[in-house]
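Please keep the sequence and the model open while reading this note. The points below go from the overall fold to the core and then to the charged side chains.

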Amino acid sequence: MGKLTAQAIAERALEIGDAEGLDTVTIRRLATDLGVTPMALYWHYKNKEQLLVGMADHLIGGFAPKEADERPWREQFRDLIEGLIRTLRAHPCAKSVIEQIDPIEVPNFLAVWNQALGLARSAGFGIDESCLISKYLLQSAIAIADAPTHVRTVNPDAVRAKLAGLRSLPEETYPHLVEMASPLVRGTEPGLYDTFGVDLVLGGIEALASKG
């Protein structure tokens, strides 16, 4: 193979993590997969912690948000959160990776974080509010990308049982649960789920901004 790069190692680590879970990603396993000795990998990543940072950097860099431009901050915020959702959903292990790293050690994460803070400031929010907005945006992106609405391997018998359970509730006591049993159990159409989720988050930011 050609010259082994940190990016190539991180990419393979993500592939293994996506397919088999993050716990299976080790320096030794990567070395075997890449056909090199563990020492060849230690040149780039001295331990699992450094490897996770490299994976996170490669992951977040995958959607390369555009630099701040002259468009309204609302449009730029939408690009940011939608890009994060796409990237997170493309890698099942992404949530686990992000939960185990320090953002300060990840250059691409810092770039996204800094951009979110700048957009919040340009929308008229104060320092504390901007910090909270940046955190809620990341958590919202993770929640939307990780939603069980997009998991289609659910046991059909379990779905039918849960649906029957909701529909059998006393309608006079729980009218709305009975009425909406199907979408609650089966989930909504994925496109609607994503669009509504992003609109909900951005709508809240816009409403708060308009009060300022």
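How many helices and how many strands are there in the protein?

1. The protein has 12 helices and 0 strands. Helices (H or I, at least four residues) and strands (E, at least two) are DSSP runs, numbered from the N terminus. The C-alpha trace spans about 70 × 50 × 25 Å along its principal axes.

2. This is a predicted model, in which local features need pLDDT of at least 70 and side-chain atom pairs count only at pLDDT 80 or more, while totals for chains, interfaces and linings use all residues. Residues are numbered from 1 along each chain as its sequence is written, and side-chain values use heavy atoms, with hydrogens and water left out.

3. Of the 212 residues, 35% count as buried. Buried means under 20% relative accessible area, exposed over 50%, and partly exposed in between (1.4 Å probe, protein chains only).

4. The largest nonpolar core holds 54 residues, and Leu 51, Met 55, Phe 77 and Ile 205 touch the most other members. Helices that each supply at least two residues of this core include α1 (6-20), α4 (48-60), α5 (73-90) and α12 (190-211). A second, separate core of 5 residues includes Val 159, Leu 163, Leu 166 and Ala 181. A nonpolar core is a set of buried Ala, Val, Leu, Ile, Met, Phe, Trp, Tyr and Cys residues joined through side-chain atoms within 4.5 Å.

5. Which residues does Met 55 contact, leaving aside its neighbours within four places in sequence? They are Ala 10, Ala 13, Leu 14, Leu 22, Val 25 and Val 97. Contact means heavy atoms within 4.5 Å.

6. The structure holds 10 salt bridges; a salt bridge is a side-chain nitrogen of Lys or Arg within 4 Å of a carboxyl oxygen of Asp or Glu. Side chains of opposite charge can pair when their charged atoms come close. One of the bridges joins Arg 71 and Asp 79 (2.8 Å, N to O).

7. Glu 82 and Arg 78 form another salt bridge, with their closest N and O atoms 3.4 Å apart. Both residues lie in helix α5, 4 residues apart, about one turn of the helix.

8. Asp 194 and Arg 89 also meet in a salt bridge (2.7 Å, N to O). This pair links distant parts of the chain, with Asp 194 in helix α12 and Arg 89 in helix α5, 105 residues apart. Asp 194 is buried, at 19% relative accessible area, whereas Arg 89 is partly exposed at 29%.
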